[in-house]
Each structure stands twice: as C-alpha cells, then as structure tokens.
Amino acid sequence: MPPAEPVAAVPSPTDAALIAAWQGGDEQAAAELVRRHARALARFLAGAGAPEEDLDDLVQETFIRAFRAVGSFRGQCRFRTWLLTIGGNVLKDAHRRAKRSRVVPLGDDVRSTDGDPHERAVAAEAEKRLGDGLRRLPRLQREVFLLRAQQGLEYDEIAAALGTTPGAARVHYHHAVKRLKEYVK
Amino acid sequence: MNDDGTAHDATLEDAARRLGAGAADRLDVERTVQAVLTRLREEPRVPLRAAWAWSRPAWLKIAAALVIVAGAGVVTRGVRQTPSGAAAPVETVDLSDMSAPQLRELLRTVEQPGTQEPVSSQDVGLEDLSPAQLRTLLASLEMET
C-alpha cells in the first residue's frame with residue numbers, strides 16, 4: 001500500500017474571487033465575505049464612535065451597501081479597506097439621523113479582570129480618552145487614524161481608499177496623533 | 001510605524017489597537033451573515049432607473065445651488081453696471097429652459113478665477129461645500145457631460 005500523499009491545503013478563495021462569484025449569483029460567496037470582514041468592520045465602526053447596541057445594524061447596512069455597489073469597486077484598494085470607508089459613510093448617515101452624540105460603551109476588554117488592576121485601570125482610562133478624542137476629530141483625521149493605527153494599513157492603501165494622496169493621508173494621521181496625545185497623556 | 005515618530009507613544013498605539021475590540025468580539029457574525037443574506041434576498045437590486053431617481057435630490061441640490069450662485073452673480077453685475085446706483089431689473093433664471101451651451105456659458109459667467117480648491121467626495125456633503133468648491137464641482141460635472 002503506497003504511503004498516503006499529504007493532503008494539500010485548499011487555499012481559501014481571494015476576496016476578488018468571492019466578489020466575482022457573488023456577482024455571478026453565488027449567495028455563499030457573499031456569506032463568506034461577511035464572515036471574513038465583519039469583525040474588522042465592527043472594530044472600525046466601534047472605534048469611530050458607533051454605539052455597541054447599533055453595531056450589528058451598522059455592520060449589516062455596510063455590507064448591504066457594499067454588495068449593491070460592488071460593481072463600482074475597481075480594486076483600487078483591498079476590499080476590506082473599501083468596506084471600511086463605506087462603513088464610515090454609513091456611520092455618518094446614522095449620526096445625522098440620530099442628531100445627537102452618544103458615548104461609546106466600554107468593551108469587556110476594558111472591564112477585563114485579567115492582569116494587574118493598576119495597569120488595567122490605566123489602559124481603560126487611555127482607551128476611554130482615545131474614544132473621546134476620536135469623536136472630536138474631523139472625520140477624515142479620525143478615519144485615517146483608525147485605518148492606520150487600528151487596522152494597520154499603509155498610507156498608500158489609505159490614500160487609495162479615501163481618494164487622497166499618501167502624503168495627505170500622512171499629514172492627517174500626524175494631525176490626529178498630535179491632538180489625540182493631548183487627550184490620552 | 002517607526003517612520004511616524006510615534007513608536008514611543010505605546011499608550012496611544014495600544015489603546016488604538018484595543019479600541020472596539022471588545023464590541024467586535026461580541027458581534028454574532030453568523031447572525032449578521034444570515035441577516036445580510038435575508039436582506040439581499042428580500043431587497044432586490046436597485047435598477048439603474050431607480051438609482052437615478054435616488055440620486056436626483058443631489059442633482060436638485062446642485063441645480064438649486066447653481067440658481068442661487070447665478071442669481072447672486074446677476075444681482076451683483078446689475079448693481080455694478082447701473083451708473084445711477086439703482087439696481088437693474090433681475091431676470092429669472094430657469095435652468096430647465098437652457099441649452100447645454102447656455103449652461104456652459106452660465107458656468108463661465110459665475111466662475112471666479114483663482115479660487116478653485118480641490119474637492120474630495122469622500123467626506124463632504126453639498127451642504128459642507130464652500131461656494132468656490134461648489135463651482136469646482138459644477139465645472140467638473142460639466143466636463144463629464
């Protein structure tokens with residue numbers, strides 16, 4: 001009996017392949033895209049000031065808009081980055097409708113009981129101040145900061161998604177950091 | 001992020017990385033998947049005509065802004081050109097009656113040189129635009145047509 005050949009890992013389809021499949025009517029391709037990017041989108045929205053109780057609705061709405069408009073996605077940036085910018089628009093519309101600002105609830109990570117209580121308290125305070133500071137920033141600075149610091153994107157990618165230049169994105173980031181340091185320190 | 005000179009600010013970066021993580025972890029992704037699929041099934045794709053109808057308010061805003069700018073220009077010109085100081089009669093501008101060349105001429109009339117600013121469509125609504133930015137937007141729309 002010949003030795004069994006090692007099972008080759010099946011590469012997961014790329015976002016581009018899933019998008020093409022969805023455009024061809026494959027509903028499961030859309031489902032996989034949601035599974036792949038929902039948490040990153042939720043983090044971005046929560047960081048940008050979305051109340052946790054609205055997070056599920058905002059994530060859904062963002063995906064719906066993205067799937068409806070996916071024909072206009074030209075691959076100028078990654079699908080996730082494009083999705084996050086749509087999320088920013090969805091959140092802006094939601095804020096306009098609400099006509100009032102709400103406080104981002106602290107997550108369980110902040111209320112975690114792990115680790116040194118003093119360090120936990122310092123981290124929680126820093127995160128709260130950062131959230132407060134982000135809400136005071138102009139939208140572009142806030143989104144550039146989150147895409148860079150929270151999502152770890154490069155300036156080229158951020159610029160392509162936001163329709164600006166890498167240099168301008170860098171300037172927005174520095175302005176955001178300068179102002180946020182005032183809140184966090 | 002060493003090139004940013006912010007690597008030393010570990011507190012800010014740590015807080016940024018944690019921001020929203022708890023809320024995201026609590027998101028029921030499978031429920032979100034099912035909700036999105038249900039909405040995609042129930043809400044048929046918007047046909048092109050409906051999309052055009054949806055975007056019409058934006059065009060109406062642009063038209064309204066154009067009328068205001070054109071009206072202001074006509075009034076200003078009338079006041080300047082009347083030697084006795086009395087304002088000249090102001091004609092009503094009806095854009096729907098104007099041909100494309102007339103609209104282009106109108107845009108040239110209201111255009112003020114040296115005040116163009118780059119306009120990004122990412123984060124501004126029409127109500128956020130300055131008159132100069134509105135003129136730039138209108139000029140770019142005209143070029144597209």
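Chain B has 6 helices and 0 strands, where helices (H or I, at least four residues) and strands (E, at least two) are DSSP runs numbered from the N terminus. This is a predicted model, in which local features need pLDDT of at least 70, side-chain atom pairs count only at pLDDT 80 or more, and totals for chains, interfaces and linings use all residues. Residues are numbered from 1 along each chain as its sequence is written, while chains are lettered from A and ligands numbered from 1 in the order in which they are written.

**Chain B as a whole**

- Following the sequence of chain B, you will read the pattern α-α-α-α-α-α.
- Of its 145 residues, 13% count as buried; a residue is buried if 20 or more other C-beta atoms lie within 10 Å of its own, exposed if 12 or fewer, and partly exposed in between, with C-beta atoms placed from the backbone.
- Among contacts in chain B between residues at least 6 apart in sequence, 48% join residues at least 24 apart; two residues are in contact if their C-beta atoms, placed from the backbone, lie within 7 Å.

- B:Glu142 sits in helix 6 (residues 131-144) of chain B.
- B:Glu142 counts as partly exposed because it has 14 C-beta neighbours inside 10 Å.
- Although B:Glu142 and B:Ala100 are 42 residues apart along the chain, 9.1 Å separates their C-alpha atoms.

**Where the chains meet**

- Contacts link 32 residues of chain B with 42 residues of chain A.
- On the chain B side, helix 1 (10-18), helix 2 (21-26) and helix 3 (29-42) each supply at least two of the touching residues.
- By class, that side of chain B has 15 nonpolar, 8 polar and 9 charged residues; Ala, Val, Leu, Ile, Met, Phe, Trp, Tyr, Cys and Pro count as nonpolar, Asp, Glu, Lys and Arg as charged, and the others, Gly among them, as polar.

**Helix 8 of chain A**

- Helix 8 (residues 155-162) of chain A is mostly covered, with 7 of its 8 residues buried.
- Among those buried residues are A:Tyr155, A:Glu157 and A:Leu162.
- Their cover includes helix 4 (79-98), helix 7 (139-150) and helix 9 (166-184) of chain A.
- Just after this helix, A:Gly163 takes a positive phi of about 70°.

**A buried leucine in chain A**

- A:Leu134 belongs to helix 6 (residues 117-136) of chain A.
- A:Leu134 counts as buried because it has 24 C-beta neighbours inside 10 Å.
- Leaving aside residues up to four places away in sequence, A:Leu134 touches A:Gly47, A:Ala48, A:Gly49 and A:Arg142.
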